[in-house]
Each structure stands twice: as C-alpha cells, then as structure tokens.
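Here's a quick briefing to read with the model open beside you.

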Amino acid sequence: MLKKNIIKQLSIFVNNEPGSLASIALVLKECGINLKAFNIAESSGFGVLRAIADDPEGACRVLRERNIVVKQTDVIAVSVEDQPGGLFRIANIMGDAKINIEYAYAYTGRNGPSIFLRVDDPEAAAAAVKRAGMVCLSQKDI
Amino acid sequence: MTFWNEEIETMPADELKKLQLKLLKNQIINVYSHSAFYRKRMDDANVRPEDIKTLDDLRKLPFMYKTDLRDNYPDKLFMLPYQDLVRVHVSSGTTGKPTVVGYTRNDLDNWAESLARGMTSFGMGKNDMLENSHGYGLFTGGLGVHAAGEKIGATVLPTSTGNTNRQIELMLDLPVTTLAGTPSYIFHIADICDQKGVDIRRDTKVRMAIAGGEPWSESMRKKLQDRTGIRIHNCYGASEMSGPMFLECSEQQGLHVWADLCLIEILDQNGEPCKDGERGEMVVTMLKKEAFPLIRYRIGDISRLNWDKCACGRTHPRLDRLSGRTDDMLVVRGINVFPSQIEAVIGEMPFLSAFYHITLNNVNYMDSMVIETELNEEHLTDDMITLSKYRSELSSRLKEVLNIKADIKLVLPGTLQRFEGKSSHVTDNRSWD
C-alpha cells in the first residue's frame with residue numbers, strides 16, 4: 001500500500017567531460033522527456049543527473065535505446081510548508097525515525113513546494129511522514 | 001683526484017678485462033654448483049662452466065629474466081642458506097609477488113664498496129655530512145647509501161623520505177654538504193626552499209647530491225644545478241644488483257660501472273653485442289654475488305657503455321643515462337610500477353570491470369599518476385558514499401601493493417577504449433626538459 005509513495009527517480013550517468021551534460025540534454029529534448037525536478041552530483045570520474053520525469057519507465061527505455069547509462073532509484077517526495085521551519089520539520093521526522101538522508105532536493109509544482117528525499121529505507125520514511133501527519137506525493141501528483 | 005681504491009679504479013682496461021674473465025669463470029663455477037635454478041638453465045642450454053674460456057664465451061650462457069625472479073619467489077634463487085645471509089631486501093615484482101634479494105656479509109661489503117668508490121669519485125669524504133632522503137626499510141636505497149656513506153667516513157643523517165620541512169630545517173641547522181634522493185625530490189626540496197625564502201647557496205653548506213631511482217634529463221640537472229649551486233651526480237642500480245650501485249664522478253660524464261663487480265653487455269635487437277658507445281638493451285652479470293645470483297639478467301633498461309678512459313683517471317666503463325625500457329615498466333616517484341600490478345589489483349575488486357588506463361603527469365618534475373577504471377554495470381550507483389568507498393578501497397589496496405598513491409577516477413561502464421596491446425594502457429605525459 002505504501003508503494004504508491006515511492007517515486008522512481010532517473011539516475012542518468014554522465015562522464016565528466018565538457019559538453020556531456022549538453023549531449024544528454026539534447027537526447028532528453030529529442031525524446032520529448034520533460035524533467036520536473038533534477039539535481040546534479042559529481043563523483044571523481046563521472047556525474048549523476050538525478051531527475052524526476054513524468055513517465056520514468058518510458059524515459060528509461062528511450063534513454064537506454066540511445067546508449068545512455070540510466071538507473072531508477074527509489075525516492076520519496078514530501079510536501080512541505082512554504083515558510084521557515086518547513087525543512088526542519090521533515091528533517092526532524094527523519095532524524096527521530098533514525099532514517100539516514102543520502103541526498104535531497106527541492107521542487108515546486110502544482111501542489112506547492114515539496115522535497116525529494118533519497119533515504120536508506122524509503123518505505124519506513126514514508127510511514128514516518130504519514131505518522132507525523134504530513135503528505136507523501138505519489139507519481140501522479142507531480 | 002682522490003680514489004677510494006686507486007689500484008682497481010685506475011687499472012688499465014686490458015688488465016681489467018683479464019680480471020673480469022677470472023671473476024666470471026669463478027662466478028659461473030660458483031653459480032653452477034650452488035644455484036639449482038641456473039644449473040638447470042645451463043644444462044638445458046648444454047653449457048658447462050669449463051666452456052667459459054673468454055669474455056666472449058659469456059654469450060653462450062643463458063639469460064635470466066624478471067619472470068625468473070617471480071617464479072622462484074620467495075627464496076628459491078638463493079645460493080646459500082639463511083644462516084649465511086645477514087640481510088634480505090624486498091622490492092615489488094611485476095605482478096603481486098615481490099622480489100626478495102638476500103645478502104651475505106661480503107655482498108653488503110661489495111655493495112658499499114661500489115658506492116664508496118663512487119662517492120669518493122665526486123669528492124665526498126669524511127668531512128661531509130650526507131642527508132639521505134632515500135627510503136629506509138625494505139627498499140634498498142636508504143640502507144645502501146647509508147652504509148657507503150659511513151664506509152667513507154662521512155656523517156650520515158638518515159632522514160629517510162618525506163617531511164620536507166624537517167629535511168630543510170636539518171639542512172639549515174647541521175653542516176649537511178650532500179643530499180641523496182630521487183631527482184624529483186631534490187627538485188621539490190629546492191621548490192620548498194624557494195617558498196620559505198631559504199637560499200641554498202647562502203643559508204646551507206649543501207654543494208653535492210646523489211640522485212637516482214627514476215628517469216630524468218641533462219636539462220633538468222642543469223636547471224637544478226644553476227638554481228641551487230648543488231652538483232648533482234647520477235646514480236644507477238636495482239635491487240637485483242644489490243641496490244643503488246654506480247655513480248658519476250666529478251666529471252659528470254657517465255656512471256662508472258666497476259668492472260670487477262659487474263659486467264654489463266649492451267645488446268641490439270637481435271641479441272648481438274652493440275659496438276662501444278651504441279645504445280642497446282643492458283644485460284647484467286654480477287661477478288661477486290654470493291647469495292643471489294645474477295647472470296646475464298635482462299634488466300630491461302636501455303643505455304650505452306663507453307670504455308674510453310675518463311678524464312678523472314678511472315678506467316672502468318661508463319654507462320650513459322638510461323634512455324628507455326624494453327618492457328612496460330614505469331618509474332613513478334622513484335618506484336617501479338608495472339601496469340600488470342595495477343591490473344591485478346583491479347581484478348581483485350568486484351565492483352570494477354577489467355578495463356583501466358594510466359595517465360602520468362609531472363608538474364615541477366613531481367610525478368602524479370591517475371588511474372581511470374570502469375565500474376561494472378551491476379555496481380553502478382548514484383550513491384556518492386558508496387562510490388567514495390569503492391575509490392578508497394581501490395586506492396588503499398594500490399598503496400599496499402605498489403607503495404604509491406594514485407588518483408583514482410571511476411568511470412562509467414563502456415567508457416574506456418578496448419585495446420588489445422599492452423602499451424595502450426598508459427599515457428605518459430611526463431617531460432624532464
């Protein structure tokens with residue numbers, strides 16, 4: 001039942017070279033993939049474009065057809081209040097539930113601001129969010 | 001000109017060659033009776049010790065290869081039991097298994113004798129203080145240079161590697177006249193002196209140096225000498241030979257290879273001897289080694305030998321600067337590195353594919369090594385913590401095996417070119433001009 005709270009993030013891997021982000025972006029454009037939110041993380045040899053798309057399954061398929069290395073990663077999206085303390089509230093819930101946040105990034109969509117969280121246990125995180133009376137977004141809410 | 005052993009060092013070349021023949025005959029008899037390994041090799045080649053009647057007969061003897069050292073790990077090449085040995089050194093081999101070299105008391109004496117003659121030949125003596133920044137330990141550089149320094153009566157300051165600030169502090173506070181280390185490290189000391197406002201000419205007594213263990217050039221020497229006022233003398237050796245062995249005299253016109261200790265052949269690509277002064281592959285025979293035999297050893301270095309008498313009065317042949325390798329060995333910060341060693345470590349890591357590429361650079365003559373290696377599909381993750389764990393696991397294992405720090409770049413599956421050949425694993429951008 002909690003599964004609907006898991007959002008499939010695309011993790012698109014790109015070697016660290018000038019122009020490689022542009023070439024990925026071009027493929028996204030050509031394949032008609034719209035990104036709702038993304039961030040970029042960098043390792044020593046390559047970067048990761050972490051992105052939320054409308055249809056992650058379909059996006060993955062077309063990207064792989066274009067020889068792009070992509071994986072799906074489970075994240076959760078939590079609605080936050082657009083005011084001071086919004087981040088504190090969600091971070092505190094994770095802390096109390098002993099859930100480790102690997103990374104997070106913010107997004108503002110039609111349902112207001114929310115935060116995507118990559119945590120070590122997404123299901124437990126979603127349950128903790130619900131218990132605290134907050135809302136996890138599902139794929140169709142984004 | 002002062003000599004350490006004038007009679008030997010200035011012996012006319014024809015007499016030297018006679019002496020070499022006598023020593024060679026004795027050594028072949030010794031090796032044939034004490035080394036099961038080399039005896040078999042001679043039997044297989046149908047050569048007996050009594051077949052060696054002239055120096056040219058040396059060419060009848062079979063070669064020894066680096067792989068022989070690996071295959072006979074750890075001590076199967078030793079000609080004497082441990083009770084007759086007083087030391088062993090261990091250096092990295094071509095893959096995984098290191099090379100273990102044993103020494104009798106006489107082996108250590110001959111080693112120190114060789115360097116003592118060399119040190120004396122550029123003016124070192126008992127009035128000098130030698131700051132030895134070669135590594136002490138399993139590596140032969142530290143203890144080898146140390147023993148020779150003491151033998152000639154110099155005062156040895158065993159600083160070993162690293163801690164450049166302290167090395168400089170001691171150069172300032174003590175009457176250090178001579179440095180020993182790798183050329184790039186001496187260059188580094190000069191750089192740090194500049195940064196600290198230390199003028200080596202004005203603030204220290206350092207005027208001489210011994211530099212070896214890695215490739216460098218005449219122009220690098222000139223720059224360093226002009227900049228610091230230190231006369232820098234090239235040094236050559238290898239752990240198989242004992243350690244650092246031969247030095248340049250004050251003329252700086254090639255390394256004096258003591259013909260009563262070591263016989264170097266220079267061979268062309270067909271295995272035929274090169275003419276005096278022609279470049280070719282060096283093949284090394286050690287004439288007095290007791291514990292660890294080295295007969296016609298394909299050491300892998302390329303250089304040339306010149307029997308013309310040196311202006312210093314020494315008659316022994318002089319070895320030119322090395323001009324390359326016959327194999328894919330790399331010398332990085334004074335440490336011998338074989339791509340096969342790196343390949344073996346990469347093979348141990350379950351998260352990596354077999355592909356890798358090594359890039360070498362040197363900024364201010366200080367080497368750096370970047371190893372690019374591919375994650376495999378299964379272990380590819382966007383979790384930076386896991387990725388940095390992978391990187392440090394590989395990095396610390398490489399440090400263990402190679403004793404060298406490399407920058408690790410993990411790249412995506414399918415990124416690195418799939419080469420068949422060996423040398424394409426390496427891009428060497430270093431320059432010593």
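A residue counts as buried under 20% relative accessible area, exposed over 50%, and partly exposed in between (1.4 Å probe, protein chains only). This is a predicted model, so to speak of local features takes pLDDT of at least 70 and side-chain atom pairs count only at pLDDT 80 or more, while totals for chains, interfaces and linings use all residues. Residues are numbered from 1 along each chain as its sequence is written, chains are lettered from A and ligands numbered from 1 in the order in which they are written, and side-chain values use heavy atoms, with hydrogens and water left out.

**Where chain B meets chain A**

- Chain B puts 16 residues into the contact and chain A puts in 18, where contact means heavy atoms within 4.5 Å.
- About 1400 Å² is buried between the two chains, with 58% of it on carbon and sulfur atoms; buried area is the accessible area (1.4 Å probe) that two parts lose on being put together, summed over both.
- Asp382(B), Met384(B) and Leu412(B) give 44% of the area that chain B buries against chain A, more than any other three residues.
- There is one salt bridge between chain B and chain A, a salt bridge being a side-chain nitrogen of Lys or Arg within 4 Å of a carboxyl oxygen of Asp or Glu.
- Asp382(B) pairs with Arg50(A) in a salt bridge, with the closest N and O atoms 3.3 Å apart.
- On the side of chain B that touches chain A, helix 12 (384-402) and strand 19 (407-411) of chain B are the elements that give two or more residues. Helices (H or I, at least four residues) and strands (E, at least two) are DSSP runs, numbered from the N terminus.
- Strand 19 of chain B gives the most to that side, with four residues.

**Inside chain A: two domains**

- Chain A splits into domain 1 (8-73) and domain 2 (75-141), with domain bounds coming from an automatic or database domain assignment.
- The C-alpha centres of domain 1 and domain 2 of chain A are 23 Å apart.
- Domain 1 of chain A brings 13 residues to the contact and domain 2 of chain A brings eight.
- About 850 Å² is buried between these domains of chain A, and carbon and sulfur atoms give 55% of it.
- Arg50(A), Ile52(A) and Thr73(A) supply 42% of what domain 1 of chain A buries against domain 2 of chain A, more than any other three residues.
- Between domain 1 and domain 2 of chain A there are zero salt bridges, but four residue pairs are in polar contact (both at pLDDT 80 or more).

**Inside chain B: two domains**

- Chain B is divided into domain 1 (71-326) and domain 2 (332-428), and their C-alpha centres lie 30 Å apart.
- The contact draws 13 residues from domain 1 of chain B and eleven from domain 2 of chain B.
- The two domains of chain B bury about 1100 Å², 57% of it from carbon and sulfur atoms.

**Salt bridges to look up**

- Over all chains the count is 35 salt bridges.
- Glu81(A) and Arg89(A) meet in a salt bridge at 2.8 Å, N to O. Glu81(A) is partly exposed at 39% relative accessibility, and Arg89(A) is partly exposed at 32%.
- Glu113(B) and Arg117(B) form a salt bridge, with the closest N and O atoms 2.8 Å apart. Both lie in helix 5 (residues 105-121) of chain B, four residues apart, about one turn of the helix.
- Glu113(B) counts as buried because its relative accessible area is 15%, and Arg117(B) is buried at 2%.
- Glu278(B) pairs with Lys275(B) in a salt bridge, the closest N and O atoms being 3.8 Å apart. Lys275(B) is exposed at 62% relative accessibility, whereas Glu278(B) is partly exposed at 36%.

Notes. Polar contact = N/O pair within 3.5 Å; in protein donor to acceptor, adjacent residues only side chain to side chain.
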